[in-house]
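The sequence and the structure are shown first.

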Amino acid sequence: MKSKLTMLTAAAVMAAGPALADLVFPSLSYRTGPYAANGIPFADGYEDYFTLVNQRDGGIGGVMAKVIECETGYNTEKGVECYESTKGEGALIYQPLSTGITYQLIPKVTADGIPLHTMGYGRTSAKNGKTFEWVFNYPANYWDGASIAVNHILDENGGDISGKKIALVYHNSAYGKEPIRTLEELSAKHGFDLTLLPVDHPGQEQKSQWLQIRRERPDYVVMWGWGVMNQVAIQEAANIRFPMENFIGVWWSGSENDVKPVGAAANGYKALNMHMPGADFPIYDDLKTHVYDAGLSSGAGDQAGTVLYNRGMYAAMLAVEAAKVAQEIHGTADITPAMMRDGMEALNITEEKMAELGLPNFGPTFSVSCENHGGDGLGIVQQWDAAAGKWNAITDYIQSDSAVIDALIAEDSGAYASENNISERCN
């Protein structure tokens, strides 16, 4: 593919004369506000990957990538303003890192014909590509996360959790409420008791929730938190001596920022992840040579190898690979947003591809199709080693319960299609 694209690009340049325009990838970041500690590493990883592609590879198919960063502060209104102010710059894809912003952008990107990738967040039923033509949430979604957490608990209890008590501590927002329906269905299926404990933004006050946990003594606590809420919850759990090995956060509640402030008391805390933690991947040698040592790091350059830096890098890598597929499909390096969408829908991430990119065993293999915009629903469980100051993957990739989740996705996406007069595609 590479040689074909190189020849194609050279021919295009010779025919057209002037260099092709940059391929534009907006970054709806938040380096300020109450969630900045988590927004910064993601934004750094996202931009550094594009810098690597430009410096090492000469861009994507011979065309340079351009990242336009717009500060949202994790505020939905500002996120929509960023979208409106950048979409005319040739934006190929949006990755807003916010469920609230995602919900507002779904009708906008659909009308404007610009793909939206909400990796592990956003509207879960957007996995149904028959209804959501312009929205993708591979490699996994929130309902997958809820099921993976329950499946891990099942594994720890010999497959039987009837009569067990599970409490959900969740950010009282669209984001935090996403797993509730799935956990209710899984509760009915497996016979565990579910307690719901909302925490209001930004999450610094949780005394009442953890007093209730101390009183009711659930067997497990699952957390859907973000930002300062996570470290406060982990500290409160430590204060009441809740066993950390029975405390499981979603993949947005499992960064270094969430556990380091708690110190040794956070040891043993678990969280899901949609990719592997750490910097022990060949790609970091290339980043050092072409980005870090060249003085081209985004931000302060101090986030390399952290969970959320890796996630930002992963999001950028998936965008770049989709762009390459789009170039191949359409026979041009100068792709449009509609072409980018086609590339995303034909994306196939194999282990061979990941190894070629310097990320062997970093994430799950998956393929995207017209019907399936969400991947295969795989995630790992990682555990914090406070003494070593690192996350360790303690499971292989765990499969979510597709029988439960597919039915919920069909129901929710069907309702959305009916409300918005959308005809199913992929026929």
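The sections below describe the cavities, the aromatic pairs and the charges placed over rings.

## Cavities

The model is predicted. Across the whole structure, three cavities of 30 Å³ or more are found. The largest cavity has a volume of about 80 Å³, and its lining consists of Tyr-30, Tyr-74, Leu-97, Ser-98, Thr-99, Tyr-121, Tyr-142, Tyr-175, Trp-226 and Trp-252. Eight of these lining residues are classed as nonpolar and two as polar, with no charged residue.

The second largest cavity holds about 40 Å³ of space. Ser-27, Leu-28, Ser-29, Gly-39, Phe-42, Ala-43, Tyr-46, Gln-95 and Leu-97 line this cavity. Strand β1 (23–29) and helix α2 (36–57) each contribute at least two residues to that lining; α2 contributes the most, with four. By class, the lining of the second largest cavity comprises five nonpolar, four polar and no charged residues.

## Aromatic pairs

A search of the whole structure identifies 21 aromatic pairs. In the pair formed by Tyr-30 and Tyr-74, the ring centres are 5.1 Å apart and the planes meet at 65°, so the arrangement is edge-to-face. This pair connects distant parts of the chain: Tyr-30 belongs to the loop between β1 and α2, and Tyr-74 to the loop between β2 (65–71) and α3 (76–86), 44 residues apart. Tyr-30 has a relative accessible area of 1% and is buried. Tyr-74, at 17%, also counts as buried, because the cut-off for that class is under 20%.

A further edge-to-face pair is formed by Tyr-314 and Phe-362, with 5.4 Å from centre to centre and 80° between the planes. Tyr-314 is located in helix α12 (residues 307–330) and Phe-362 in the loop between α14 (351–356) and β11 (366–367), so the pair ties together parts 48 residues apart in sequence. Tyr-314 is buried, with a relative accessible area of 0%, and Phe-362 is likewise buried at 0% relative accessibility.

## Aromatic cluster and charges over rings

Ring pairs also join Trp-210, Phe-242, Phe-247, Tyr-269, Trp-384 and Trp-391 into a cluster.

Two arginines are placed over tryptophan rings. The charged end of Arg-311 sits over the ring of Trp-252, 4.7 Å from its centre; Trp-252 is also one of the residues lining the largest cavity. Arg-341 is positioned over the face of Trp-134, at 5.7 Å from the ring centre.

Terms used. Residues numbered from 1 in each chain as written. Predicted model: local features only at pLDDT ≥ 70, side-chain atom pairs only at ≥ 80, totals over all residues. Heavy atoms only, no water. 1 Å grid on protein atoms, 1.4 Å probe; cavity = no way out; pocket = protein on both sides within 12 Å on 5 of 7 lines; lining within 4 Å. Points joined across faces, edges and corners; volume = space filled by probe spheres on them. Nonpolar A, V, L, I, M, F, W, Y, C, P; charged D, E, K, R; others polar. Phe/Tyr/Trp six-rings, centres within 6.5 Å; stacked < 30°, edge-to-face > 60°. Buried < 20%, exposed > 50% of the residue type's maximum accessible area, 1.4 Å probe, protein only. Lys NZ or Arg CZ within 6 Å of the ring centre and 35° of its normal.
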